[in-house]
Amino acid sequence: MANETRDTLNNEVKEVVLASESLPDVLPLLPLTHGPAFPGMLLPIVLPAGPFADAADAAVSSVHSAVGLVFVKNPPSDGSLPESPDLYSFGTAAKILKAQRSEKGEIQLMLSFLKRFRVRKLLKEAPHLIAVVQYYDEPKPKDDQETKALVLAILSEIKHIANKSPLFSEEMKLLLTQTSMNDPGRLSDMAAAITSSDRKMAQKILETVEIRPRMRIALTLLKKERAIVDLQDKISRQIEEKVSKQQREFFLREQLKAIKKELGLEQDEKSAEVSKFKKRIEELDMNEQAQRQVKAELDKLSLLEVHSPEFGVSRNYLEWLTTLPWGRGTVDSLDIELARKVLDRSHAGLDDIKERIIEFIAVGMLRKKITGSILCFVGPPGVGKTSLGRAVAEGLGREFYRFSLGGIRDEAEIKGHRRTYIGALPGKIIQALKSVRSHNPVVMLDEVDKIGSSYQGDPASALLEVLDPEQNSSFVDHYLDVPYDLSQVFFICTANIMDTIPAPLLDRMEVIRLPGYIMEEKVSIGKRFLLPRQLEKSGLTRKDVKIGVPAIRRVINDYAREAGVRGIEKSLGKILRKIATRVANGERGPFRISPDDIVSYLGRPVFTEDLLLKTMVPGVTNGLAWTAMGGSVLTIEAMTVGEEKAGILQTGKLGEVMVESSRIAYSYIIGNLDRYMPESAFYNQAIHLHVPAGATPKDGPSAGITMATSLLSLAIGKTVRRKLAMTGELTLTGRVLPVGGIREKITAAKRMGIREVIIPKANEADLDEIPATVRRGIKLHPAEWFDDVVRIAFSGKIKVL
């Protein structure tokens with residue numbers, strides 16, 4: 001009986017649980033920011049000074065020493081604890097095994113996590129959270145095939161991740177030793193705890209009490225982790241293979257280089273560079289100073305380490321010095337007939353320009369060489385300046401190089417950068433010589449009238465040395481720092497106007513003007529050059545398209561009246577592209593383009609017949625102007641606008657000089673009106689003088705006689721002759737002074753169908769420069785006084801007193 005009583009007491013003692021080991025229904029809640037914790041884990045945490053640290057400290061001294069750890073829904077990115085955290089409803093209860101508080105107020109805890117719980121009710125939110133919780137015991141697992149299969153699958157994934165990821169290798173191995181197939185719930189919890197995947201899925205595992213659903217979620221989480229680990233392993237292997245391959249190739253190359261050096265089959269990089277430069281120097285005809293510089297630089301290169309930055313700088317310098325064409329050039333073909341054929345083949349018209357170039361070559365033929373030659377082609381865009389320079393190079397048998405000076409603001413573009421700068425290079429002139437590999441090429445400096453200047457220097461001043469025959473025989477580029485002979489280079493400059501070219505630079509050049517083309521020359525160019533070129537660009541042949549001279553003439557007259565031929569080429573290209581579209585759509589040619597078809601291809605004409613050339617009224621006179629685009633016909637209109645206040649009003653965006661010319665013309669007419677029409681009421685009337693195309697700026701004194709003629713025509717009520725135009729500066733005494741651009745103005749008059757032109761008598765000498773083809777059909781009237789202008793303009797209808 002005593003034994004039975006003793007056994008009963010023993011069993012009851014076994015069921016007694018100490019108060020310190022039980023879990024209370026009310027827990028202080030602490031937030032977790034890095035992920036949820038699971039039952040069975042032993043985890044240290046650190047809480048900063050504050051209400052949560054105070055709550056943990058209070059829990060340590062309590063009977064149960066228990067706290068609840070709950071994951072924060074939206075944890076801060078820096079991992080800090082929020083003041084008012086938004087917590088999930090499920091957490092894990094933990095016993096505080098050890099606690100230590102520092103002087104700063106933070107507390108370090110060692111926690112043993114025991115059970116899941118769900119927050120039923122918050123009792124207190126400040127200064128820290130206290131809640132009533134409901135605990136969930138771990139369910140007993142079912143001993144069936146599905147559970148075993150899930151356990152095996154989880155273990156397989158864990159082993160795979162442990163083998164592939166060194167980051168989780170030790171944790172995975174520890175998990176495998178601490179868990180077994182008989183505890184699938186704990187296995188699922190630990191698997192979720194050590195993965196680095198989605199923390200929200202880990203929280204979902206914590207909230208899933210049933211074992212089998214929890215295992216499925218854990219398996220999904222492990223699958224995702226496996227995919228990440230496999231991808232990481234693949235990337236690591238690829239990088240390792242690449243690095244190991246590069247290392248292997250490097251070592252093999254070094255071994256091969258050492259073997260070849262031992263056998264005398266190959267030199268090292270430095271010796272090879274030095275040998276290469278020495279061989280080049282022997283083949284070049286350098287001047288004495290250049291030879292000294294190269295020798296000193298070679299000695300310096302031989303002392304430098306290959307991997308030194310200075311080695312690369314020195315090697316680049318020697319590369320430039322030894323690749324320049326010292327003493328190497330082409331033999332000039334001083335054959336006048338060949339040059340004439342090349343010029344005629346590449347250009348139609350411009351006979352006087354070609355003759356000037358032939359004369360230039362003839363002088364070189366007699367001297368047996370062409371040196372110190374600087375030409376400057378001045379003319380509107382599209383007249384063939386660049387292609388003329390290329391034709392000169394072909395006629396002489398020389399290399400051709402072109403670069404544009406437009407917009408250059410740094411003199412280093414011409415004379416190079418000093419070698420003290422990183423990325424320094426020689427100037428454009430030296431680069432041109434290296435490119436063509438000849439010391440006597442034809443170098444075209446395009447757009448010389450558009451050079452800029454800035455704080456970095458004046459490129460135009462740098463060009464003075466380049467284009468001066470007395471100085472360029474010892475041109476020193478800042479990068480090379482040795483003299484180079486440019487006297488054999490044939491320089492050709494191009495410009496639209498001469499006004500913006502600095503006077504010292506212009507003084508070093510021989511100017512050849514290209515005034516533009518007349519109708520006959522444009523038609524010839526369009527037929528011989530532009531049409532074949534555009535046919536080729538459009539993928540068509542002469543059999544596909546038939547464009548005759550009348551159609552080309554219509555294109556020029558209605559769409560391309562400028563001095564050059566670019567407008568013609570664009571218009572022909574537009575026509576041919578439309579035809580190419582028709583061919584691509586299946587239509588068959590040949591397509592014959594008549595003058596009447598042009599509008600259907602090009603649209604409304606850009607230029608229409610000027611009504612003022614057909615119907616003249618008193619106060620209207622045709623003048624001639626010169627612009628950067630070539631010559632043009634300028635119509636000047638005058639009319640009376642009342643008698644309240646006498647005077648003159650000028651409109652049409654006139655420049656200061658042109659406004660002064662209008663005032664001179666008005667003063668002259670008012671002062672001499674009695675000589676042309678006594679007792680006129682013109683004195684007391686307000687006059688409005690207008691120059692059409694008001695958006696275009698206009699300036700210059702050459703419209704003086706035109707303005708005076710318009711005012712006189714208005715005063716006497718008689719019209720000026722219809723096909724007459726004029727140009728000339730007027731003085732207060734009635735003298736007609738010379739003006740510029742006579743050639744361009746006569747060419748424009750020819751293009752516009754003018755039959756008679758009044759020019760200053762002092763400009764008669766300029767008529768010799770005008771081709772006979774341009775002068776043909778135009779009657780030129782020289783005038784010394786304005787009275788001469790009046791007699792010609794009004795056909796003697798006015799009696800001058």
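This is a predicted model: local features need pLDDT of at least 70, side-chain atom pairs count only at pLDDT 80 or more; totals for chains, interfaces and linings use all residues.
## Cavities

The model has three cavities of 30 Å³ or more. The largest cavity has a volume of about 70 Å³. Its lining is made up of Leu350, Asp351, Asp352, Pro515, Gly516, Glu521, Arg743, Thr747, Pro771 and Val774. Two elements, helix 12 (351-367) and helix 25 (742-751), each give two or more residues to this lining.

By residue type, the lining of the largest cavity holds four nonpolar, two polar and four charged residues.

## A buried lysine

Lys698 is found in the loop between strand 19 (686-690) and helix 24 (704-716). Lys698 is buried, yet it has no salt bridge. A salt bridge needs a side-chain nitrogen of Lys or Arg within 4 Å of a carboxyl oxygen of Asp or Glu. For Lys698, the nearest side chain of opposite charge is that of Asp699, 11 Å away.

What does Lys698 contact, leaving aside its neighbours within four places in sequence? The residues in contact with Lys698 are Leu634, Gly652, Lys653, Leu654, Gly655, Met658, Val691, Pro692 and Ala693.

## A covered helix

Helix 16 spans residues 459-466 and is mostly covered, with six of its eight residues buried. The buried residues are Pro459, Ala460, Ala462, Leu463, Glu465 and Val466. The elements that cover them include helix 14 (412-415), helix 15 (428-436) and strand 9 (442-446). Strand 10 (475-476), strand 12 (490-495) and helix 17 (503-507) are also among the covering elements.

Pro459 is one of the residues of helix 16. Its relative accessible area is 1%, so Pro459 counts as buried. Pro459 and Ala412 are 47 residues apart in sequence, but their C-alpha atoms are 7.7 Å apart in space.

## Two loop residues with positive phi

Most residues other than glycine have a negative phi. Arg437 has a positive value, near 55°, and is not a glycine. Arg437 lies in the loop between helix 15 and strand 9. Is Arg437 buried or exposed? Arg437 counts as exposed because its relative accessibility is 67%, and the cut-off for exposed is over 50%.

Glu447 also has a positive phi, about 55°, although Glu447 is not a glycine. Glu447 is placed in the loop between strand 9 and helix 16. With a relative accessible area of 24%, Glu447 is partly exposed.

Conventions
Residues are numbered from 1 along each chain as its sequence is written. Side-chain values use heavy atoms; hydrogens and water are left out. On a 1 Å grid over the protein atoms alone, a cavity is a set of points where a 1.4 Å probe fits but cannot get out, and a pocket is an open set with protein on both sides within 12 Å along at least five of seven lines; lining residues have an atom within 4 Å of a point. Grid points are joined across faces, edges and corners, and a volume is the space filled by probe spheres set on the points. Helices (H or I, at least four residues) and strands (E, at least two) are DSSP runs, numbered from the N terminus. Ala, Val, Leu, Ile, Met, Phe, Trp, Tyr, Cys and Pro count as nonpolar, Asp, Glu, Lys and Arg as charged, and the others, Gly among them, as polar. Buried means under 20% relative accessible area, exposed over 50%, partly exposed in between (1.4 Å probe, protein chains only). Lys and Arg count as positive and Asp and Glu as negative; His and the chain ends are not counted. Contact means heavy atoms within 4.5 Å.
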